Amino acid sequence: MAKMVLMLVLVGLCLMAVEGKSKEKVCDKGWECSNSKFCCNETITDFFQVYQFENLFAKRNSPVAHAVGFWDFHSFITAAALYEPLGFGTTGGKQMGMKEVAAFLGHVGSKTSCGYGVATGGPLAWGLCYNHEMSPSQTYCSDDYKYPCTPGAEYYGRGALPVYWNYNYGVIGEGIKIDLLSHPEYLEQNATIAFQAAMWRWMTPMKKKQPSAHDVFVGNWKPTKNDTLNKRLPGFGATMNILYGDLVCGKGFPDDMNNIISHYQYYLDLMGVGRDYSGDNVDCSEQVPFNPSGDEKASS
């Protein structure tokens, strides 16, 4: 009898544990983050405000910039509110959230900069200078059964993490539920959509069984033995591997890679975190790409 009672108690405890897991605590922070466990953490506006955005992108509205008046904090945080419930800037504690925002914007700043060595304010102050490729050399239209080019459309680089080629506009458009294949111009007409497309790329694996840039940065991803042999380890370096592959990684320390790292660390400093907290594996100098050129699409 005593054994039966004990067994019933144990079964009851197991059922309670299962029920507890199925009813995982979620929180609601209003418009910015709702109905998610990640909303129980500090949200982006708890640690990143308008003045910090202005500090990071101090020269974006200078007369010589090429997207004056386009990019602003409101567009960034409106887009971020779609991804904070999924963990963007809300995974881990406050410091990890700040680091992820700096990492994401480090890529954005590097890819949209018109800064150069002797530029006023320094070369790292000129992120978000562009919202599209200035002198496209081609229309970036490729034969693709699933994402055929829309007549008259051109698929040159646009956005916060510039998107090229019709198939990438198609994939990302499906991901954010906006028809970018028919209207690629949206990425240079609407800053919220431009940030949204970039955040979708950051949060979404480009291929099955691969991590996202978000996963490798915040520590969600555990490398396999094959990853370790190929020098692919969690950290900022792996975000470059996922987003750019062998355009940047596995080549030692090319200027392109160093520039992205410099923006990330500069933003960490400006946000009050400090580059000393950049994390391990900041570069991808020896990493074998997840997706070698010719084997992947949505990386450029």
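Reader: Hi! Which residues touch the most other members of the largest nonpolar core?

Author: In this predicted model, those are Phe48, Phe76, Phe88, Phe104, Phe195 and Met240, out of 68 residues in that core.

Reader: And which helices supply at least two residues of this core?

Author: There's a list: H2 (50-56), H3 (73-83), H4 (94-111), H5 (166-176), H7 (191-203), H8 (213-218), H10 (236-244) and H11 (255-270). The largest share comes from H7, with ten residues.

Reader: OK, back to Met240. What does Met240 touch, leaving out residues up to four places away in sequence?

Author: With those left out, Met240 touches His107, Gly245, Val248, Cys249, Met257, Ile260, Ile261, Val282, Asp283 and Cys284. Another core lies apart from the largest one; it has six residues, including Cys114, Ala119, Ala125 and Trp126.

Reader: Switching topic: where is Ser62?

Author: Ser62 is in the loop between H2 and H3.

Reader: Is Ser62 buried or exposed?

Author: Ser62 counts as buried because its relative accessible area is 14%, and the cut-off for buried is under 20%. Not counting residues up to four places away in sequence, Ser62 touches Val68 and Trp126.

Reader: Now the rings. How many aromatic pairs are there in the whole structure?

Author: A search of the whole structure turns up 21. One of them is Phe104 with Trp202, an edge-to-face pair at 5.9 Å centre to centre, with 75° between the planes.

Reader: Why does that pair tie together parts that are apart in sequence?

Author: Because Phe104 lies in helix H4 and Trp202 in helix H7, the pair ties together parts 98 residues apart in sequence. Phe104 is buried, with a relative accessible area of 0%, and Trp202 also counts as buried at 0% relative accessibility.

Reader: What about Phe217 and Tyr264, what kind of pair do they form?

Author: Phe217 and Tyr264 are edge-to-face, 6.0 Å centre to centre and 85° between the planes. Phe217 is in helix H8 and Tyr264 in helix H11, and the pair links distant parts of the chain, 47 residues apart. Both Phe217 and Tyr264 are buried.

Reader: Which residues form one aromatic cluster?

Author: That cluster is made of Phe48, Phe53, Phe57, Phe70, Trp71, Phe73, Phe76, Phe195, Tyr266 and Tyr267.

Reader: Last one: which ring does the charged end of Arg158 sit over?

Author: The charged end of Arg158 sits over the ring of Tyr156, 3.8 Å from its centre. Arg232 lies over the face of Phe290, at 4.7 Å from the ring centre.

Note on methods: Residues are numbered from 1 along each chain as its sequence is written. This is a predicted model: local features need pLDDT of at least 70, side-chain atom pairs count only at pLDDT 80 or more; totals for chains, interfaces and linings use all residues. Side-chain values use heavy atoms; hydrogens and water are left out. A nonpolar core is a set of buried Ala, Val, Leu, Ile, Met, Phe, Trp, Tyr and Cys residues joined through side-chain atoms within 4.5 Å. Buried means under 20% relative accessible area, exposed over 50%, partly exposed in between (1.4 Å probe, protein chains only). Helices (H or I, at least four residues) and strands (E, at least two) are DSSP runs, numbered from the N terminus. Contact means heavy atoms within 4.5 Å. Rings of Phe, Tyr and Trp (its six-membered ring) pair if their centres lie within 6.5 Å; planes under 30 degrees apart count as stacked, over 60 as edge-to-face and the rest as tilted. A charge sits over a ring if NZ of Lys or CZ of Arg is within 6 Å of the ring centre and within 35 degrees of the ring normal.
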